[in-house]
Amino acid sequence: MEEPGQLKRALIDATAGAISGAVSRTVTSPLDVIKIRFQVQLEPTAQWALLRKDSYRPSKYTSMWQATKDIFREERLPGFWRGNVPALLMVMPYTAIQFTVLHKLKTLASGSSKSGCAATVGSYPFDLLRTILASQGEPKVYPTMRTAFVSILQRHGFRGLYAGLTPTLIEIVPYAGLQFGTYDTFKRWTMGWNRYRSSDPNESDLFLSSFQLFLCGLAAGTCAKAVCHPLDVVKKRFQIEGLPRDLRYGARVEDRAYKNIFDALFRILQTEGWAGLYKGIVPSIVKAAPAGAVTFVAYEFTSDWLESVST
């Protein structure tokens, strides 16, 4: 049975984790939409690759700036927040579980990967719906989250809600371990730097400024995303298999296009090269850095505030 102090700590971690995840997801949604559009595009996403006109049809998106202009022109501002509702429903329980389990486990890297897996399985259907709604473009295939949910169940059954789960779970171990592990490492380094610069080392090394927390989160998010991006691309391809979006967005990923994760990796390498596994890497890193920073800063401040009002 939980001790009162442990239960209070768990509630604080869960609440602060959910709020920090929601804030981070909403702030970085435009970058997430752009990243997804690149990841599900079978054609090249770089201008130089389009010189091989015999190999590829014209690409819809070729740079972050061009994609931003196109999405705004065709879908206006709401287009940058496509799929944000299921994204919030996904990320709030995800970060709540992640921070709660992480706090209870002693080994940081091991704890972060286990909490990441638990959080992913519970919130994955919302991740799937987010990807579909964010990638469909105009005209919409599914006008609402509910219609997308019902259609997936009718076409693929309950298992359809977990398309792409395998690469996601494989990605969780290195991603969560890297993100939380490097964040803790960067915090310790920063505390050491504060101690080195301070005339009173017993006091200042215990406190980090909001800007220092931001930099630690930024560095942690960047490191994790750079390593794990190819698995994220594979996951997105599984998630949109069979999505009949408008052909002006490029070739569609046909239903059951990939047999398994290894087949997906091989086919992407074969048809799109190494660049195919890193489609969307620029907006992904640009997004991961502030997303990680905002998440950790929001968590620290929310957690401190909840502790102060509950004492």
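What percentage of the 311 residues of the protein chain count as buried? In this chain 51% count as buried, a term that stands for under 20% relative accessible area, with exposed meaning over 50% and partly exposed the range in between (1.4 Å probe, protein chains only).

## Model and overall fold

The model is predicted, and local features need pLDDT of at least 70, side-chain atom pairs count only at pLDDT 80 or more, and totals for chains, interfaces and linings use all residues. Residues are numbered from 1 along each chain as its sequence is written, and side-chain values use heavy atoms, with hydrogens and water left out.

The protein chain has twelve helices and zero strands, where helices (H or I, at least four residues) and strands (E, at least two) are DSSP runs numbered from the N terminus. Among contacts (heavy atoms within 4.5 Å) in the protein chain between residues at least 6 apart in sequence, 75% join residues at least 24 apart.

## Aromatic pairs

The structure holds seven aromatic pairs; rings of Phe, Tyr and Trp (its six-membered ring) pair if their centres lie within 6.5 Å, and planes under 30 degrees apart count as stacked, over 60 as edge-to-face and the rest as tilted. One of these pairs is formed by Tyr 183 and Phe 296, which are stacked at 3.7 Å centre to centre with 10° between the planes. Tyr 183 lies in helix α7 (residues 165–197) and Phe 296 in helix α12 (residues 281–309), so the pair ties together parts that are 113 residues apart in sequence. Tyr 183 is buried, with a relative accessible area of 6%, and Phe 296 is buried as well, at 3%.

Phe 186 and Trp 189 form an edge-to-face pair, 5.5 Å centre to centre and with 75° between the planes. Both residues lie in helix α7, three residues apart, about one turn of the helix, and Trp 189 counts as exposed at 57% relative accessibility. Elsewhere, Phe 38, Tyr 61 and Tyr 249 form one aromatic cluster.

## Charges over rings

The charged end of Lys 60 sits over the ring of Tyr 249, 5.2 Å from its centre; the criterion is that NZ of Lys or CZ of Arg is within 6 Å of the ring centre and within 35 degrees of the ring normal. The charged end of Arg 76 likewise sits over the ring of Phe 72, 4.3 Å from its centre.

## Backbone geometry in loops

Most residues other than glycine have a negative phi, and most peptide bonds are trans. Arg 76, in the loop between α3 (64–75) and α4 (84–104), has a positive phi near 60° and is partly exposed, with a relative accessible area of 46%. Arg 256 lies in the loop between α9 (210–239) and α10 (261–272), where its phi is near 55°, and at 70% relative accessibility Arg 256 counts as exposed.

The peptide bond from Glu 138 to Pro 139 is cis, with omega near -5°, and Pro 139 is placed in the loop between α5 (108–135) and α6 (145–156).

## Packing of α2 and α9

Helix α2 (residues 29–39) packs with α9 at an angle of about 75°, their axes 9 Å apart; axes are lines fitted to C-alpha atoms, for helices over the stretch in contact, and angles run from 0 to 180 degrees between N-to-C directions. That makes α2 roughly perpendicular to α9, a class that spans 65 to 115 degrees, whereas under 35 counts as roughly parallel, over 145 as roughly antiparallel and the rest as oblique.

In this contact Lys 35, Ile 36 and Gln 39 of α2 meet His 229, Asp 232, Val 233, Lys 236 and Arg 237 of α9. These residues divide into two nonpolar, two polar and four charged, with Ala, Val, Leu, Ile, Met, Phe, Trp, Tyr, Cys and Pro counted as nonpolar, Asp, Glu, Lys and Arg as charged, and the others, Gly among them, as polar.
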